[in-house]
Amino acid sequence: MKQGDEGDPIDARLAARLSALRAERGWSLGELADRSGVSRSTLSRAERGEISPTASLLNRLCAVHGRTMSQLLSEVEAAPAQVVRADEQTVWTDAASGFVRRSVSPPQAGLRAEVVEGRLEADADVAYDRPPIPGLEQHIWVLEGTLKITVRDSEHTLRAGDCVRFRLWGPTRFHCPGPEPVRYALVVVEP
């Protein structure tokens with residue numbers, strides 16, 4: 001959560017959900033810190049809504065809890081509808097990395113795929129040390145700009161119209177080399 005933005009309802013609901021997930025498993029902050037590799041103080045601040053978690057932090061927590069980021073974010077939204085209007089789509093911003101994530105078609109019971117719009121500012125760099133769910137299928141289609149994506153040890157430079165698809169088994173990195181921001185569609189399919 002940004003300083004002075006304590007009233008953001010999605011950040012408050014996200015903080016409460018993160019706390020509830022830990023409580024459901026009966027884990028202390030120390031146990032969650034050991035499992036996720038995130039410090040106890042950062043976890044505590046995130047659960048109290050004092051900070052807005054970064055994309056990397058949420059990815060680590062999602063991996064521990066066996067969820068995709070979209071699944072976690074959908075848990076703090078209202079019940080999903082068949083039609084998801086543009087003005088009702090959840091937008092989450094990681095100001096620290098320059099990453100903006102719009103949940104175009106969030107997860108819904110009985111459906112395995114979801115669609116996300118990602119935007120990275122020029123020079124933005126987001127790295128994930130592990131997949132939230134091993135074997136998760138992803139398709140990334142660049143709509144505007146240039147995206148450098150590293151999947152395990154393979155780097156791909158994608159420009160408008162290019163698409164890459166893969167299953168997640170290891171670390172990934174998203175980098176916008178600029179000079180303009182990049183906007184892309186991400187289709188995620190659970191294994």
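Predicted model: local features only at pLDDT ≥ 70, side-chain atom pairs only at ≥ 80, totals over all residues.
**Fold and aromatic pairs**

Student: How does the radius of gyration fit a compact globule?

Tutor: It agrees, because a compact globule with 191 residues would have a radius of gyration near 16 Å and the protein has 16 Å. Along the principal axes, the C-alpha atoms fill a box of roughly 45 × 35 × 35 Å.

Student: What secondary structure is in there?

Tutor: There are five helices and ten strands, and among contacts between residues at least 6 apart in sequence, 66% join residues at least 24 apart.

Student: Switching to aromatics, how many pairs does the structure hold?

Tutor: The structure holds three aromatic pairs. One of them joins Trp 92 and Phe 99, whose ring centres lie 6.4 Å apart with the planes at 75°, so this pair is edge-to-face; both residues are buried.

Student: What about Tyr 128 and Phe 174?

Tutor: Tyr 128 and Phe 174 also form an edge-to-face pair, with 6.1 Å from centre to centre and 85° between the planes. Tyr 128 belongs to strand E4 (residues 125-128) and Phe 174 to strand E9 (residues 172-175), so the pair ties together parts that are 46 residues apart in sequence.

Student: Are those two buried or exposed?

Tutor: Both Tyr 128 and Phe 174 are buried, and together with Tyr 184 they form one aromatic cluster.

Technical notes:
Residues numbered from 1 in each chain as written. Heavy atoms only, no water. Helix = DSSP H or I, 4+ residues; strand = E, 2+ residues; numbered from the N terminus. Rg over C-alpha atoms; globule rule 2.2 N^0.38 Å. Contact = heavy atoms within 4.5 Å. Phe/Tyr/Trp six-rings, centres within 6.5 Å; stacked < 30°, edge-to-face > 60°. Buried < 20%, exposed > 50% of the residue type's maximum accessible area, 1.4 Å probe, protein only.
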